[in-house]
Amino acid sequence: MVHSRWTDRRRLQAFVTPLASALLAAMVAGCALKKPPDAAAIKEQALPTLKSPAQWAAPGAGAGAVSDNWLTTFHDDQLAAAVAEALAHNADLRVGAARVEQAELYAKLAGAKLYPSIDVLARGGGKLSGDGSGIQGAVLTATWELDLWGRVRYGRAASGAQAASAQADFEYARQSIAALVAKSWFLATEAGLQVEAARETIRASEELVRLADTRARIGVANQEDVFVARADVGTYRDVLRQLELGREQAIRALEILLGRYPSAAAATTPQLPGFPGEVPAGLPSELLERRPDVVAAERRVAVAFNRIAEAKAARLPAIALTTGVSAISSSLFLLKDHDNPVWNLGANLLAPIYRGGALKTQVEIRTAEQKQAIAEYATVGLRAFGEVEGALAAEIAAREREQILTQALSDNQQALSVVQTQFKVGSTDLRFVEQRQLALNATRSALIRVQTEQRVQRVNLHLALGGSFELRPQKPTAAPPSGGQPPSR
């Protein structure tokens, strides 16, 4: 019996050794993973006719590399606190964070197939076992699919690229939420300024009613002027009510971003923050490598590339190694020629012969998905360039309009003062005072709107350039070894 076991073991070793060597050689010479195209190759394929200029076309772009931490340039602690609150409680960001977590777990799950699967099956109970056979024992099995053609590895690479894309999308969502909170903050502040301007107009109009009434009593004017002045006050009060509602709605929109109940109770600053200085805009050629949404689109191209390779590898034979050990006994039957434990080793081969064209169609589907991913990259890239140029042009226009409206406001104030004096002495009628008052109100409102627009466009510019609202963590750099000695292995 001992000699028989020794002979079986030698035969098994003689079979296993060449098989293991052949499988190892096949794995070494097997399909090495092809790398997906890099950013430059994707840009060339997605935007073949696009040539990035040396400088931005719109004037006003500052020299130097794009900087981060733009939120501090407004010097508004309340605004910074609002952004921090939104990042902590915004529902959309929580959804994005959950998607990133899911994508990372899917990547981990895809990599699990590269390792052997080990299972155990045990049975006990003796004579009281379920079928009355009295058989009891345990079986331990292990199966390992040899990823010769890279199907599993391509799947893992695709899931990893998908996780990187989700992370980049989440980062862009964080930047967008911070920008949206800042713009909503400015709009809510603007609404408050418009309300105060309307109240000032009402006070001036009420004074005009008193003046018209006095003129009518002393006989230098008629009652029509009084009624017209009162109607003007009513009109301005209606405008004020609309502005108050607009301010409440702006605050509610801000509260939703902050994760609060939209009760229009949030307090904003009474004045717009000072306008920051010039923004370094970097080079157009660097934009696509910096913006998180473009990086996410690039990673989706990598996902599609790896999915194509995964589908192609699925058309090739799959080989799996199996091994196991078992120990079985019975209290009722005698198991002849059975030694415990029993070892076994084998291999499985699964080669697809005919699937109705399903495997080929799967490759074609993945190829179409890659075409879609490249087209989406082109869309995102063009939009990024357009957003930067648009924000630069809009900021310049708003700056010039502010200068024009500031001068116009001063002229309208002086003109109103002159015509009010003329109305008091009776050298003009109420219509001219109304005209000048309307012109002054329109100019003041437009100036407030343009000043807000400047700050909104500045935020848009930061977001379009890919600059972060906060300081990015510095990547750790390896310190050089001291004393000129080579690093230890």
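**Ground rules.** I number residues from 1 along each chain as its sequence is written. As the model is predicted, local features need pLDDT of at least 70, side-chain atom pairs count only at pLDDT 80 or more, and totals for chains, interfaces and linings use all residues; side-chain values use heavy atoms, without hydrogens and water.

**Salt bridges.** I searched the whole structure and found 25 salt bridges. I count a side-chain nitrogen of Lys or Arg within 4 Å of a carboxyl oxygen of Asp or Glu. Side chains of opposite charge can pair when their charged atoms come close.

I looked up D147. It bridges to R153, with the closest N and O atoms 3.0 Å apart. For burial I use relative accessible area: under 20% is buried, over 50% exposed, and in between partly exposed (1.4 Å probe, protein chains only). D147 counts as buried because its relative accessibility is 13%. R153, at 22%, is partly exposed.

Next I checked D293. Its salt bridge is with R291, the closest N and O atoms being 2.7 Å apart. D293 and R291 are both buried.

Then I went to helix α9, residues 358-425. I take helices (H or I, at least four residues) and strands (E, at least two) as DSSP runs, numbered from the N terminus. E369 and R366 sit in this helix 3 residues apart, about one turn. Their side chains form a salt bridge at 3.0 Å, N to O. E369 is partly exposed at 30%, and R366 is partly exposed at 21%. Elsewhere I noted one network, in which salt bridges with shared partners join E196, R199, R241 and E244.

**Aromatic pairs.** My search of the whole structure gave 3 aromatic pairs. Rings of Phe, Tyr and Trp (its six-membered ring) pair if their centres lie within 6.5 Å; planes under 30 degrees apart are stacked, over 60 edge-to-face, the rest tilted. W56 and F385 have ring centres 6.4 Å apart and planes at 55°, so I log the pair as tilted. The pair links distant parts of the chain, 329 residues apart: W56 is in the loop between α2 (39-46) and α3 (77-89), F385 in helix α9. Both residues, W56 and F385, are buried. I also logged W70, F74 and F186, which ring pairs link into a cluster.

**Strand β1.** I118 lies in strand β1, residues 117-123. I118 counts as exposed because its relative accessibility is 60%.
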